[in-house]
Amino acid sequence: LCCTTTPVWAFPELEIPNIMLEMNYGCGSTVHPRDLVNSPKILYVGVGGGMELLQFSYFSRQKAGVVGVDVVDEMIDACQENFKEAAEKNSWFDPSFVDVRKGDALNLPIEDESIDVAAQNCLFNIFHEEDLKKALKE
């Protein structure tokens, strides 16, 4: 599965800040909302502006219920800054729902078997074949 045709989900009480929309470089979500029932622990590789992390938090409203991983410090900082506005716009959202970590898809900074749903958005398109195989195995 690559991407849905609608990158921004529309759910009651979910408002995506404009800055997150402007920083969204993907083409849609790689996860269907029906796969996010029962408060799963979610991994997202390549945090961007935090839009997908916010959307996933809607379904996993627990401390560190969503883990975001990125190699770029500036993206991590921007994402965490954007969570402040997301918390102002969404009364249900707490930035502690998301644990943003420095790392990459080839060596994920997470414990084995600690994630229920893993996702990325077009990031793997830039990998060479051997790196893609390693990332998917990881």
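A: Helices (H or I, at least four residues) and strands (E, at least two) are DSSP runs, numbered from the N terminus. The model discussed here is predicted.

Q: How many helices and strands does the protein have, and what pattern do they follow along the sequence?

A: The protein has 4 helices and 4 strands. Read along the sequence, these elements follow the pattern α-β-α-β-α-β-β-α.

Q: How is strand pairing to be read, and in which sense do β1 and β2 pair?

A: Two strands pair if DSSP finds at least two bridges between them. Strand β1 (residues 42-45) and β2 are joined in the parallel sense over 4 bridges, and L43 stands opposite V67 in β2.

Q: Which strand do 5 bridges join to β2?

A: That strand is β3 (residues 98-102), which runs parallel to β2. Within this pairing, V69 has R101 of β3 as its bridge partner. The chain passes from β2 to β3 through helix α3 (residues 73-89), and this β-α-β crossover is right-handed.

Q: What handedness has the β-α-β unit that contains helix α2?

A: The unit made by β1, helix α2 (residues 51-57) and β2 is right-handed.

Q: Is strand β2 mostly covered or mostly open?

A: A residue is counted as buried under 20% relative accessible area. In β2 (residues 66-70), 5 of the 5 residues are buried, and the strand is thus mostly covered. V66, G68 and D70 point one way from the strand, V67 and V69 point the other way, and all are buried.

Q: What share of the protein is buried, and how much accessible surface does the protein have?

A: Of the 138 residues in the protein, 43% are buried. The accessible surface comes to about 7700 Å², and carbon and sulfur atoms account for 49% of that surface.

Q: Among contacts between residues at least 6 apart in sequence, what share joins residues at least 24 apart?

A: In this protein the share is 75%.

Q: What is the phi of N38, and is N38 buried or exposed?

A: N38, a residue other than glycine, has a positive phi near 65°. N38 is placed in the loop between α1 (18-22) and β1. With a relative accessible area of 74%, N38 is exposed.

Conventions: Residues numbered from 1 in each chain as written. Predicted model: local features only at pLDDT ≥ 70, side-chain atom pairs only at ≥ 80, totals over all residues. Heavy atoms only, no water. Buried < 20%, exposed > 50% of the residue type's maximum accessible area, 1.4 Å probe, protein only. Right-handed = clockwise from strand over helix to strand, strands pointing away. Contact = heavy atoms within 4.5 Å. Areas by Shrake-Rupley, 256 points an atom, 1.4 Å probe, with all protein chains shown as cover.
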